Amino acid sequence: MIYAYVDMNITNPESLGQYRDVAGAALQKHGGAVLTAGKDNLTIEGVHKAPDMAAILSFPDKASALAWINDPELASVHALRRGAGEVSIIVIG
């Protein structure tokens, strides 16, 4: 199992709403799942500002996470997420 941290600062809530409608199926295609997601985030150490929204994703392995992000059939799904604001996704491990 491998995890990914998603950090989002939302500037387009409409795009985020559209992304939420299709994100689960896109993740499942590559064995991924949302473990937790939240908007009430708090930085407890360091200088990094807490994001508007954060999530922890799980994938069976790193290859599955990379297959998800690079899947050409999911380009429109990823475009919705990217269109929602500033997004970073970090694979942990």
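Me: In β3, which residue is the bridge partner of Ile 2?
Reply: The model discussed here is a predicted one. β1 and β3 pair in the antiparallel sense, over seven bridges. In β3, the bridge partner of Ile 2 is Phe 59.

Me: In β3, which residue is the bridge partner of Val 6?
Reply: Val 6 also has a bridge partner in β3. β3 itself is mostly covered, with six of its seven residues buried. The partner of Val 6 in that strand is Ala 55.

Me: Is Phe 59 buried or exposed?
Reply: A residue counts as buried under 20% relative accessible area and as exposed over 50%. Phe 59 has a relative accessibility of 1%. Because that value falls under the cut-off, Phe 59 counts as buried.

Me: How many aromatic pairs does a search of the whole structure find, and is the pair of Phe 59 and Trp 68 stacked, edge-to-face or tilted?
Reply: The search of the whole structure finds one aromatic pair. The ring centres of Phe 59 and Trp 68 are 5.5 Å apart, and their planes stand at 40°. Planes under 30 degrees apart count as stacked and those over 60 as edge-to-face.

Me: Is Trp 68 buried or exposed?
Reply: The relative accessibility of Trp 68 is 3%. Buried means under 20%. Trp 68 therefore counts as buried.

Me: Where does His 30 lie, and is this residue buried or exposed?
Reply: His 30 is found in the loop between α1 (13–29) and β2 (33–38). Not counting residues up to four places away in sequence, His 30 touches several residues, among them Phe 59 and Trp 68. Its relative accessible area is 18%, and because the cut-off is 20%, His 30 is buried.

Me: What is the order of the strands in the open sheet, and which strands stand at the edges?
Reply: The open sheet has four strands in the order β2-β3-β1-β4, with antiparallel pairing. Each edge strand has a single partner strand, so one side of each is left without a neighbour in the sheet. The strands at the edges are β2 and β4 (85–92).

Me: How many bridges join β1 to β4, and which residue in β4 is the bridge partner of Tyr 3?
Reply: β1 and β4 run antiparallel and are joined by eight bridges. Tyr 3 has its bridge partner in β4. That partner is Ile 92.

Me: Which residue in β3 does Gly 38 stand opposite?
Reply: β2 is joined to β3 (residues 53–59) by five bridges, and the two strands run antiparallel. Gly 38 stands opposite a residue of β3, namely Ala 54.

Me: What angle does the direction of α1 make with that of β3, and what angle does α3 make with β4?
Reply: α1 packs on the sheet and touches β1 (2–10), β2 and β3, its direction making about 15° with that of β3. Helix α3 (residues 75–83) also packs on the sheet, touching β1 and β4. The direction of α3 makes an angle with that of β4 of about 115°.

Me: Which element gives the most to the lining of the largest pocket?
Reply: About 250 Å³ of space lies in the largest pocket. The pocket is lined by 16 residues, of which Tyr 19, Ala 23, Val 34, Met 53 and Ala 55 lie nearest its centre. The elements giving two or more residues to this lining are β1, α1, β2 and β3. With six residues, the element that gives the most is α1.

Me: What distance separates the C-alpha atoms of Met 1 and Ile 92?
Reply: Met 1 lies in the segment before β1 and, at 67% relative accessibility, counts as exposed. Leaving aside neighbours within four places in sequence, Met 1 is in contact with Ser 58, Phe 59 and Pro 60. Met 1 and Ile 92 are 91 residues apart along the chain, and their C-alpha atoms are separated by 10 Å.

Me: How far apart in space are Gly 93 and Asp 71, C-alpha to C-alpha?
Reply: Gly 93 is found in the segment after β4 and counts as exposed, at 77% relative accessibility. Gly 93 touches Ile 2 and Lys 62, not counting residues up to four places away in sequence. Gly 93 and Asp 71 are 22 residues apart in sequence, and their C-alpha distance in space is 21 Å.

Key. Residues are numbered from 1 along each chain as its sequence is written. This is a predicted model: local features need pLDDT of at least 70, side-chain atom pairs count only at pLDDT 80 or more; totals for chains, interfaces and linings use all residues. Side-chain values use heavy atoms; hydrogens and water are left out. Rings of Phe, Tyr and Trp (its six-membered ring) pair if their centres lie within 6.5 Å; planes under 30 degrees apart count as stacked, over 60 as edge-to-face and the rest as tilted. Buried means under 20% relative accessible area, exposed over 50%, partly exposed in between (1.4 Å probe, protein chains only). Contact means heavy atoms within 4.5 Å. Two strands pair if DSSP finds at least two bridges between them. Axes are lines fitted to C-alpha atoms, for helices over the stretch in contact, and angles run from 0 to 180 degrees between N-to-C directions. On a 1 Å grid over the protein atoms alone, a cavity is a set of points where a 1.4 Å probe fits but cannot get out, and a pocket is an open set with protein on both sides within 12 Å along at least five of seven lines; lining residues have an atom within 4 Å of a point. Grid points are joined across faces, edges and corners, and a volume is the space filled by probe spheres set on the points.
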